Amino acid sequence: MRALLAASCAALAVAALAVAPSAFAADAITAQYRTSASGATTDQAEPWFKLVNSGTTSVPLSDLKVRYYFKSDTPDVGYRFACSWAVRGCGNVTGQFGTLTGGPADRYLEVGFTSGAGTLNPGADSGDLQLRFYRTNWGPISQSDDYSFRGESTYSAWNRVTVYRGSTLLWGTPPGGSPPTTTTTTTTPSNPNGPKMFDDFAYTNSGDSRISQRGWTVRSGGGGPGVPGATWDPSRITFPTVDGQQVMRLDSWNNGSAARQTELYHQRKFFEGTYASRVKFSDAPVFGPDGDHVVQTFFTITPLDAPMAPNYGEIDFEYLPNGGWGEPANVMYETTWETYQNEPWVADNIHNEQRVSYNGWHDLVFQVANGRVKYYIDGNLVADHGDKYYPETPMSINFNLWFISGGLQGSSAERAYQQEVDYVYFAKDQVLSPAQVKTAVQDYRTAGVAHVDNV
């Protein structure tokens with residue numbers, strides 16, 4: 001009997017050894033690749049992937065690793081990974097970097113999945129993985145000599161991207177050289193002493209030379225948004241004392257046809273971190289008849305290079321005291337943009353709104369981190385956006401006050417609306433609560449600091 005049991009166990013062991021390779025052989029994963037950043041140099045590489053199961057077994061995505069190989073740029077200051085959008089959810093996608101030596105690539109991005117990404121069934125694909133990585137100093141990336149780079153804008157199978165299940169290669173050809181080193185994480189720990197920008201708007205007038213020296217531009221001339229033919233008037237931006245604190249005042253005027261609008265914007269260098277401002281909105285004009293569709297704002301933006309350009313980004317607080325865009329009365333919008341085109345109008349964005357009055361002072365905060373954009377008004381979370389709407393490139397910080405085209409009420413009497421801004425604050429790569437922002441601003445003021453910018 002013992003001999004029979006031993007023989008049976010041995011047979012089972014042999015059977016198990018025989019089954020494992022054949023079951024594994026049924027796994028067949030193909031990596032499809034495209035990029036939305038096809039230039040020889042770029043400010044961020046954008047490898048997009050789609051994994052296709054052409055085998056006969058279901059594979060948990062959490063078992064798979066995808067590697068994209070490249071050469072490091074000099075000096076090698078390190079890289080950061082971000083997921084712009086994924087069908088399976090950016091929260092279920094991970095990214096880390098590793099190193100190689102002795103071959104045509106010395107670095108690689110390794111993309112993985114959490115259990116929340118689900119399973120890849122036979123005949124199915126993972127859907128888009130719209131990924132990107134960039135140097136920590138935002139220096140240029142040379143792509144033309146990167147092993148896995150190919151400037152294709154449509155998906156197709158690409159064998160210079162590899163897919164592993166555990167330590168077993170399922171797809172692609174690695175670049176050779178020494179085995180990979182232990183990978184390094186891509187996220188930078190929050191640095192409480194990291195770069196920040198704070199401006200208390202302690203200027204004499206819109207012509208104060210310190211404004212441009214500190215990276216601001218007072219807009220002038222024409223151009224949208226707003227009433228056709230409107231001009232942006234620098235003289236209507238002033239710095240009075242309001243409620244005991246010097247502020248920036250935007251004052252925009254119209255007479256039912258002509259209009260003078262106002263805007264101040266900073267240079268384009270802000271990305272992940274915490275943005276904050278204390279803003280005084282107004283429901284009524286300071287003089288003249290009420291009723292115009294006016295927009296009072298605090299926002300960030302990346303310029304649109306071309307219609308529906310994928311690298312466009314915009315994060316908006318927009319207050320419409322008299323409604324507009326189909327709204328009949330007070331409305332506050334929090335809008336995060338993927339992209340748009342002007343003619344014909346196509347908007348790819350996500351928004352929340354509050355249909356209440358925000359007349360008076362309000363603390364506005366939005367956090368850009370970990371694939372999410374979270375908006376707060378007076379300490380309350382009012383919107384949480386992410387996935388493909390998460391920004392992809394550095395942005396400028398902007399304030400403007402303008403009139404919606406077609407939204408002027410019929411009177412030819414002159415009228416003017418005002419928006420006031422107490423301060424603006426940005427903490428790079430830090431997620432700060434609204435309470436922490438208040439403390440930071442108060443610390444600057446207690447120390448007599450009116451401006452700092454080391455971003």
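I am working on a predicted model, in which local features need pLDDT of at least 70 and side-chain atom pairs count only at pLDDT 80 or more, while totals for chains, interfaces and linings use all residues. Residues are numbered from 1 along each chain as its sequence is written, and side-chain values use heavy atoms, with hydrogens and water left out.

**Strand β8.** I took strands as DSSP runs (E, at least two residues; helices are H or I, at least four), numbered from the N terminus. For pairing I required at least two DSSP bridges between two strands. Strand β7 (residues 93-99) runs antiparallel to β8, and seven bridges join them. I also found strand β5 (residues 64-70) paired with β8 in the antiparallel sense, over five bridges. Within that pairing, Tyr69 has Tyr108 as its bridge partner.

I then checked burial, where buried means under 20% relative accessible area, exposed over 50%, and partly exposed in between (1.4 Å probe, protein chains only). In β8 (residues 107-113), seven of seven residues are buried. Arg107, Leu109, Val111 and Phe113 point one way, and Tyr108, Glu110 and Gly112 point the other way.

**Disulfide.** I searched the whole structure for cysteine sulfur atoms within 2.5 Å and got one disulfide. Cys83 and Cys90 form the bond, with their sulfur atoms 2.0 Å apart. The torsion about the S-S bond is about -70°, so I noted the disulfide as left-handed. Cys83 is buried at a relative accessible area of 7%, and Cys90 is buried at 12%.

**Nonpolar cores.** I counted as a core any set of buried Ala, Val, Leu, Ile, Met, Phe, Trp, Tyr and Cys residues joined through side-chain atoms within 4.5 Å. The largest has 43 residues, and those with the most contacts inside it are Phe201, Trp216, Met248, Tyr275, Phe298, Ile397 and Phe399. A second, separate core has 33 residues, including Val59, Tyr79, Ile141 and Trp158.

I listed contacts (heavy atoms within 4.5 Å) for Tyr275. Leaving aside neighbours within four places in sequence, Tyr275 touches, among others, Phe270, Phe298, Leu364, Met395, Ile397 and Phe426.

**Val218.** I placed Val218 in strand β17 (residues 216-218). Val218 is buried, with a relative accessible area of 17%. Beyond neighbours within four places in sequence, Val218 is in contact with Ser206, Ile211, Pro234, Ile237, Glu263 and Leu264.
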